[in-house]
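I opened this notebook to record a few look-ups in the structure shown below. The entries follow in the order in which I made them.

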Amino acid sequence: MADVESFTLDHTAVKAPYVRLIGTETGLRGDVISNFDVRFVQPNEGEIPTAGIHTIEHMLASLLRDRMEGLIDISPFGCRTGFHLIAWGEPPLAELVAALRDSLRFIAEEATEADIPGVDAVSCGNYRDHSLHTAREWSALILQQGISLDAFERVGV
């Protein structure tokens with residue numbers, strides 16, 4: 001089996017919340033994509049409940065596209081401690097974190113049920129499993145803890 005970077009990361013050494021560039025890849029035509037580890041919860045010490053991370057996922061998918069160029073995808077980790085974020089090019093880490101902070105602030109302080117995209121049977125494969133209340137709580141907690149620009153040291157929080 002191929003080595004997967006996230007399975008070689010020492011999850012006991014990181015200090016969440018943080019954003020970490022996992023790496024970049026260049027396609028056959030020279031297009032570059034960047035893969036980021038957006039870790040909101042300290043691994044093996046907690047996890048965002050499914051309904052909450054599902055709502056955060058739907059909201060970030062839209063909110064981040066309004067706040068940054070080149071977002072391809074943001075998808076939750078199966079362990080529910082954060083997300084993979086894939087983007088075109090090489091977005092500056094500080095700008096990515098600023099977009100995340102602003103998006104999480106909106107979720108924590110302003111979002112209403114009407115703001116959650118894709119919460120019906122046509123647009124979501126598990127539309128009943130959402131919780132704005134949980135998304136707000138976790139977004140506020142992540143902002144309170146501060147999102148680091150480094151996975152191993154608390155930088156820029």
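**Entry 1: helix α3**

I listed the buried residues of α3 and found Leu96, Val97, Ala99, Leu100, Ser103, Leu104, Phe106 and Ile107. I took buried to mean under 20% relative accessible area, exposed over 50% and partly exposed in between, with a 1.4 Å probe and protein chains only. Helices (H or I, at least four residues) and strands (E, at least two) are DSSP runs, numbered from the N terminus. The model is predicted: local features need pLDDT of at least 70, side-chain atom pairs count only at pLDDT 80 or more, and totals for chains, interfaces and linings use all residues. Residues are numbered from 1 along each chain as its sequence is written, and side-chain values use heavy atoms, with hydrogens and water left out.

I then looked up what covers these buried residues; the cover includes β1 (18-26), β2 (32-39), α2 (50-67), β4 (82-88) and α4 (132-145). Contact here means heavy atoms within 4.5 Å.

**Entry 2: the aromatic pair**

I counted 1 aromatic pair, with ring centres of Phe, Tyr or Trp (its six-membered ring) required to lie within 6.5 Å, and planes under 30 degrees apart called stacked, over 60 edge-to-face and the rest tilted. The ring centres of phenylalanine 40 and phenylalanine 83 are 5.8 Å apart and their planes stand at 70 degrees, so the pair is edge-to-face. I noted that phenylalanine 40 and phenylalanine 83 are both buried.

**Entry 3: arginine 20**

I located arginine 20 in strand β1. Arginine 20 counts as buried because its relative accessibility is 11%.
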